[in-house]
Amino acid sequence: MSDDSDAEKTEDASPRKIEKAREEGDVPRSRELATFTVLMTAGACLWAFGGMLVGRLATSLKSGLTLDREQIFNPNILLERILNDIVSVMLACLPIAGAVMLIALISPMLIGGWLFSAKAFMPNFGKLNPIKGIGNMFSKNALVELLKAIIKTIVIGVVAWIVVSGQKEAMLGLAVEPLNESSAHVGDMIGRSFLFITGALGVIALIDGPYQLWHWKDKLKMTRQEMIQESKESDGNPQIKGKIRQMQREMARGRMMQNVPTADVIVTNPTHYAVALKYADGKGAPRVVAKGVDDVAAKIREMGAENKVPMLEAPALARALFKHTEIDEEIPEKLYSAVAEVLAYVYQLRAYKKGEGDYPDRPTRLKVPAEMDPLNPASQQRPAPDNGATE
């Protein structure tokens with residue numbers, strides 16, 4: 001990629017690109033921070049347990065250099081003593097080794113987090129390209145690593161010289177101390193020196209950690225064209241999405257139309273709106289099982305006529321039901337009274353068809369609150385047109 005193209009990478013990486021980078025094993029890592037935490041833990045443990053460790057080592061060394069006649073002529077006793085000395089040394093090293101292993105597992109959480117990627121284990125022959133390798137040797141990142149190595153060498157060298165110089169007299173005094181005291185003193189000096197020298201790495205780690213995080217984010221930056229292309233790939237082709245939405249609407253309409261034959265009544269506008277209602281005794285308020293305008297309303301009326309579903313012309317009620325109720329949802333409480341009159345008319349009409357009563361009067365004064373009609377709230381209290389009911 002050219003320098004001009006790189007200069008155009010002004011957009012932060014998208015979540016999709018970050019996730020793709022993690023899948024490939026590309027996460028921010030700071031070797032200096034990981035090294036510092038592990039070595040600092042080892043130094044602290046050495047300082048805390050150094051005396052005990054040196055004492056155990058001295059005892060094991062003394063035991064290994066001491067042989068009696070029975071051990072010489074009995075290999076089993078000698079082997080048992082050697083095994084005991086080995087176990088003693090391992091137990092003395094266990095706190096330090098355990099703490100170092102634990103910190104080594106936890107340190108990746110400081111930056112980048114734990115990550116296992118199978119793609120990172122796959123061979124990449126592109127890395128064997130010598131031209132690319134030479135280019136990497138003179139890259140900005142290589143210069144930064146060289147600068148870090150120089151600074152690290154200088155800082156650690158200066159701190160080591162100060163620490164060792166400060167303990168010169170103590171080291172000379174070890175020659176006149178008893179063995180037990182000198183052993184503990186040596187362990188304390190080694191731990192103290194290691195801790196201070198390793199602590200010098202903290203300065204570099206505090207700089208390297210934020211730098212590696214910034215470098216990783218900068219490396220994943222995208223151009224505007226890449227952002228647009230990714231957005232297209234994520235969102236999909238607009239034409240395909242439109243076709244999918246159309247198919248979803250058609251499927252939803254098909255499911256809705258299947259409910260029309262089960263409706264108790266269809267309230268119409270008479271030609272613009274159509275809302276199919278169903279009431280099940282003991283299961284709450286009446287529900288809207290289908291609704292539509294224009295062509296969908298015409299299809300609802302057509303299916304209702306084919307299945308002999310009663311239809312009632314009530315413009316205000318039809319508009320209110322369509323506006324304020326969704327499919328398979330109970331009607332609003334403010335429309336209970338009007339819908340109750342409609343259902344009462346339908347039940348009386350069914351009874352008449354069975355010869356169990358007189359032909360009912362069509363409801364003409366349905367009480368629809370003015371605020372429920374989205375079209376003309378001022379006209380809601382006027383009687384609905386008496387255009388009759390059909391079956």
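Me: Buried means under 20% relative accessible area, exposed means over 50%, and partly exposed lies in between (1.4 Å probe, protein chains only). Which residues of H15 are buried?

Reply: This is a predicted model, where local features need pLDDT of at least 70 and side-chain atom pairs count only at pLDDT 80 or more, while totals for chains, interfaces and linings use all residues. Residues are numbered from 1 along each chain as its sequence is written, and side-chain values use heavy atoms, leaving out hydrogens and water. Helices (H or I, at least four residues) and strands (E, at least two) are DSSP runs, numbered from the N terminus. The buried residues of H15 are Ala338, Val339, Val342, Leu343, Tyr345, Val346 and Leu349.

Me: Within what arc do the buried residues of H15 fall, seen down its axis?

Reply: The arc is taken from the directions from the helix axis to the C-beta atoms. The buried residues of H15 line one face of the helix, because they fall within an arc of 155°.

Me: What span does H15 reach from its first C-alpha to its last?

Reply: H15 covers residues 336-353, which is 18 residues. The expected span is 1.5 Å times one less than the number of residues. For H15 that expectation is 26 Å, and the model comes close to it, reaching 26 Å.

Me: Which residue stands opposite Ala276 in S3?

Reply: Two strands pair if DSSP finds at least two bridges between them. S2 (residues 273-278) and S3 pair in the antiparallel sense over six bridges. Within S3 (residues 287-293), five of the seven residues are buried. Opposite Ala276 stands Ala290.

Me: Is Asp208 buried or exposed?

Reply: Asp208 sits in H10 (residues 201-219). Leaving aside neighbours within four places in sequence, Asp208 contacts Ser30, Arg31, Glu32 and Lys148. Its relative accessibility is 2%, so Asp208 counts as buried.

Conventions: Contact = heavy atoms within 4.5 Å.
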